[in-house]
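Dear colleague,

Please find the structure below for your files. A short account of the findings follows it.

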Amino acid sequence: MTSKASDKQPMSRDEFEAALRAKGDFYHTQHPYHIAMYDGKCTPEQIRGWVANRFYYQISIPVKDAAIMANCPDRDVRRHWVQRVLDHDGYNGAVGGIEAWLCLGEAVGLNREEILSCEHVLPGVRFAVDAYINFARRASWQEAASSSLTEMFAPTIHQNRLDTWPQHYPWIKDDGYQYFKNRLSEARRDVEHGLGITLDHYTTREQQYRMLEILQFKLDVLWSMLDAMTMAYELKRPPYHTVTDQRVYHKGLFNE
């Protein structure tokens, strides 16, 4: 039987990493919406809805990463972390992940203007993403950095899209897949850095449990986004569907 003293002992580095990786069981790859996408069961409307809503997450990622750097006094960390912002915003002739996502949007039949306007972004998606950005601004830089560790599970999801979408959705133009291809290597690089920060920083049992809760919060964000999309595009119950078929929900930013 485990003693109270041993319960307070920190996990070893390997045990802590294993606990973090075990959270992959709750990654949004397991959400029915994603499973349907892999199985070729999504309609064009459902694919387009996912791409349009996920764009709000994509444009928020460099904002999140800039918030982490703003709170971080460690120059070496900032030098490394800034690459994440550049990967999304683009630099030195590279278009970046946001532009690549716009290309994906066009490849699935959306036009650039409607994607950029965020007119399709559902309130549930907006609230989930905004909660994540607010967390990154207010948390310690180490906690905010560690919340990005859902990237541990991302290469699998990108590879699944590359493997299944061309077969199931031949109507999607091939040039729309560049974002997924780029993230295969970018995510692995980012995980190595973020995991090192996490394993080094969380050295007590209490801290390690706190980090597991932070990672679960990020998983909650991703899962909640898909719940909102399921209501709107699968169950045909978008916001205010009992009142109007118009998209009357809030579309702007309160800090504009």
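Is Y240 buried, partly exposed or exposed? Y240 counts as partly exposed, because its relative accessibility is 47%; buried means under 20% relative accessible area, exposed over 50%, and partly exposed in between, with a 1.4 Å probe and protein chains only.

The model is a predicted one, in which local features need pLDDT of at least 70 and side-chain atom pairs count only at pLDDT 80 or more, while totals for chains, interfaces and linings use all residues. Residues are numbered from 1 along each chain as its sequence is written, and side-chain values use heavy atoms, with hydrogens and water left out.

**Position of E151**

E151 lies in the loop between α9 (141-146) and α10 (154-168); helices are DSSP runs of H or I with at least four residues, numbered from the N terminus. E151 is buried because its relative accessible area is 14%. Apart from neighbours within four places in sequence, E151 is in contact (heavy atoms within 4.5 Å) with R84, R183, A187, D190 and V191.

**Cysteines**

A disulfide is a covalent bond between the sulfur atoms of two cysteines. Here the term is applied to a pair of cysteine sulfur atoms within 2.5 Å, and the count comes to zero. For C103, the closest cysteine sulfur is that of C118, at 16 Å, which is too far for a bond. C103 counts as partly exposed, since its relative accessibility is 28%, whereas C72 counts as buried at 5%.

Yours sincerely

How values were computed: Helices (H or I, at least four residues) and strands (E, at least two) are DSSP runs, numbered from the N terminus.
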